[in-house]
Amino acid sequence: MKKLILILLPILIILTACRKKSDISITAWNYALAEPIAGAEIAIFEVEYQGGLFNPGINCKEIAHATTDNNGKCIFNDLKLKKNKKLQHAAKIKYAYGKEQFYNCNVTKNSEVKLGNNNLILNSSDFSCFFKVQYNNLLTPSQLGDSLIVSLSTPKYEVPGQPYPFGGGGVFGASPYYGCNGFPFPIQFQIDEIKKSNAGKHVLKIYKKKMGIVSQTIDTVKIYPYETKTIEINW
């Protein structure tokens, strides 16, 4: 018996010393902006399924939290996850862009935390933003036949694992022309109405016929979550 203990003791010491740490790296990412979310608060929850088929229940308990760095990343060092058939673990974004975020305890493929799955990317791309349009020197100078066509579209983006892209719809359009209602316009002409959109990289298309010369431009306007941005259109 003593010999058996002497044989097993070194093995137990080695196994204990060599136990792998469960270091888990999580990145918060906004695909609409194509950039990480810095300063986001990430929480890991222990989700326990209780009850039976006709009386299901979920017990959700936060077991760790961390704040992302400038690269949208945070690391949970030596995170201990219980092994139990009724338990799962999920990572959720609790706070981002200066506001508390809505979340639930549902464990999804993209939010589930497992040992060995130590590089998790959390998608958080659906945020509201606001904008208003300001024209500078609208149709000044201009001549008969001159016009301006402006269109702004929501960001179109793809999320890995999702079958279809998101966004891409128009949120603003205007087509003032020489002699139209309100012409001549003041040097600065701002549309008072504040419009709502989805935060991200908007596409701004401008068609211009100025003094008989036609030009077209396509620009990107980045609007952050909860921001109210003034978009300037220069004639």
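Analyst: What follows takes those topics in turn, and please keep in mind throughout that this is a predicted model.

User: Okay, what is the strand order in the open sheet of 4 strands?

Analyst: The order is β4-β3-β6-β7, and the pairing is antiparallel. The edge strands are β4, covering residues 57-67, and β7, covering 99-100, each of which pairs on one side only.

User: And how many bridges does β3 make with β4?

Analyst: Strand β3, residues 41-50, pairs with β4 over 10 bridges in the antiparallel sense.

User: Which residue of β6 stands opposite I44?

Analyst: That is A91, and it belongs to a pairing in which β3 and strand β6, residues 87-96, run antiparallel over 8 bridges.

User: Switching to the inside: which residues have the most contacts in the largest nonpolar core?

Analyst: That core has 22 residues, and those with the most contacts inside it are Y135, L148, F172, L204, I231 and I233. Two or more residues each come from β9 (128-136), β10 (147-153), β11 (170-174), β14 (200-210), β15 (213-223) and β16 (228-234), with β9 giving the most, at 4 residues.

User: What does F172 touch?

Analyst: Leaving aside residues up to four places away in sequence, F172 touches F131, V133, Y135, V150, S151, L152, I191 and K195.

User: Now the cysteines. How many disulfides does a search of the whole structure find?

Analyst: The search finds 1 disulfide, formed by C60 and C105, with their sulfur atoms 1.9 Å apart. The link is left-handed, with -80° about the S-S bond. It joins distant parts of the chain, since C60 lies in strand β4 and C105 in the loop between β7 and β8 (119-123), 45 residues apart.

User: Is C60 buried, partly exposed or exposed?

Analyst: C60 counts as partly exposed, because its relative accessibility is 28%.

User: And what about C74 and C180, buried or exposed?

Analyst: C74 is buried, with a relative accessible area of 3%, and C180 is buried as well, with a relative accessible area of 10%.

How values were computed. Residues numbered from 1 in each chain as written. Predicted model: local features only at pLDDT ≥ 70, side-chain atom pairs only at ≥ 80, totals over all residues. Heavy atoms only, no water. Pairing = 2+ DSSP bridges. Core = buried A, V, L, I, M, F, W, Y, C linked by side-chain atoms within 4.5 Å. Buried < 20%, exposed > 50% of the residue type's maximum accessible area, 1.4 Å probe, protein only. Contact = heavy atoms within 4.5 Å. Disulfide = S-S within 2.5 Å.
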